[in-house]
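Try each exercise yourself before you read its solution.

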Amino acid sequence: MKLESLSPDNLTAVFLSLGILLLSAFLFGKIFTLLKAPKVIGEILGGFILGASGLYLIMPDVVSGIFLNFQEQGKILNTFYQLGLIFLMFIAGFNTQINFEKQNIKIISTLFLGATFIPIFFGYFFIDYFKESFIGEKGNDLSFSLVFLIAIAVTSIPVISKIFFDIGIIKTRFASVVLTTSTIQDLFLWILLNVAINTSHTSSFSIENNLLTAFVTVLLFIFVKLLANIVSKFYFSLTSIDFFTLSFILLFLSIGLLNTLHINPMYTSFLVGFLIKNILQNNQELKEKIISISDFSFSCFIPIYFALIGIQLNVIHEFSFIMFIAFCVLACVFEFLGCYIALLSLKISNISRINFAISMNARGGPGIVLASVAFYYQIINTSFFTTLILTTLLSSMIAGYWLRYQKNKNEEVFHKF
């Protein structure tokens, strides 16, 4: 078997484009870090300035020569895009921790219901208003509606945890409640997204098929948790290289096999990360070594993934500022009201309700993943893709600056509600 190889000129174009994407993501990521804003925003902006709304406007031939030098270059860059998404979700699964402390169970369950179902209920009445402007070529009523409602309710685990870490409240009771709630919420929303993707592949609506997809997705999570509990009881000794190799084998084989069952690679990567994390719960040495996979991914594949998201944004030709404002305001207001109204049933301070509501509005990584996956499967168009990314960035920045302000004003609000 002989593999077809790229010409020297093709190789030059591929590595030059990857290097420029990574450099731009790195520089703007550093700038936003200095501004105490989420690094991911800078990495997306790093790609944005290279795209149709950036350098391409003044140097179209140069930009095309770098990123569209030959016919298959887009597919090669898309491979790195997929690898970035896979490793991002793998690491998200590994870092997922569902922690039910007795004193927090009531507030977690109330916040989950308020942050998830109330915004979805409100959002349902606005689907038709946005559908004509935002639906993609392969989107249908059900797939678009699910993506639209997920976009309104989604909360970011990575971004909000990074915000908590940066301002020094990661070990507070407030952080524990928000992270546990958002973890449960994201699991529920990933199930809905998997159903939406499968629905977009079929020309006719089938309740049985969609229920089967949801059932298999939930069953897989339960199976992974049970399997991890069994395997974790056995002691095993592996070198770092062997452990990493076996982890990658499990990751890639799982994606390939479960994809035949219409389980999206994004969700599969999350499950494998969650499985490995739970298998290693009694093996602290190997658990710490997984950090090297995270460090490598966040230094290479993931910044390229975010930069490639940014380069696809088009705020000039395929974007409606009015529709963006309308969706952004609706999404943030519905999420805020959902959390605030639900928390009125609990005896906590008003400022705590506001802090929870603003924190659950930080859409971060999951919001970006939702936008990129839905756009990849053409459930949504470029306009909605850009709208979702900008909404994600704006909501994450607001949450970060608000919580930092509250920390400087009175740190005690994060310990006592």
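This is a predicted model: local features need pLDDT of at least 70, side-chain atom pairs count only at pLDDT 80 or more; totals for chains, interfaces and linings use all residues.

Residues are numbered from 1 along each chain as its sequence is written, and side-chain values use heavy atoms, with hydrogens and water left out.

**Exercise 1. Work out which residues are linked with Lys131 in a network of salt bridges.**

Step 1: A salt bridge needs a side-chain nitrogen of Lys or Arg within 4 Å of a carboxyl oxygen of Asp or Glu.

Step 2: Look along the helix. Lys131 bridges to Asp128, with the closest N and O atoms 3.9 Å apart. Both sit in helix H7 (residues 127–134), 3 residues apart, or about one turn of the helix. (Helices are DSSP runs of H or I, at least four residues, and strands are runs of E, at least two, numbered from the N terminus.)

Step 3: Look beyond H7. The side chains of Lys131 and Asp141 also meet in a salt bridge, at 2.9 Å from N to O. Lys131 is in H7 and Asp141 in helix H8 (residues 141–153), so this pair ties together parts that are 10 residues apart in sequence.

Step 4: The network consists of Asp128, Lys131 and Asp141.

Step 5: Check exposure, where buried means under 20% relative accessible area, exposed over 50%, and partly exposed in between (1.4 Å probe, protein chains only). Lys131 is partly exposed at 21%, while Asp128 is exposed at 62%.

**Exercise 2. Classify the ring pair of Phe336 and Tyr340.**

Step 1: Rings of Phe, Tyr and Trp (its six-membered ring) pair if their centres lie within 6.5 Å; planes under 30 degrees apart are stacked, over 60 edge-to-face, and the rest tilted. A search of the whole structure turns up 32 such pairs.

Step 2: For Phe336 and Tyr340, the centres are 6.0 Å apart and the planes 10° apart, making the pair stacked.

**Exercise 3. Decide whether Glu43 is buried or exposed, and find what it touches.**

Step 1: Glu43 lies in helix H2 (residues 39–48).

Step 2: With a relative accessible area of 6%, Glu43 is buried.

Step 3: Leaving out residues up to four places away in sequence, Glu43 touches Ala25, Gly29, Pro303, Phe306 and Ala307 (contact means heavy atoms within 4.5 Å).
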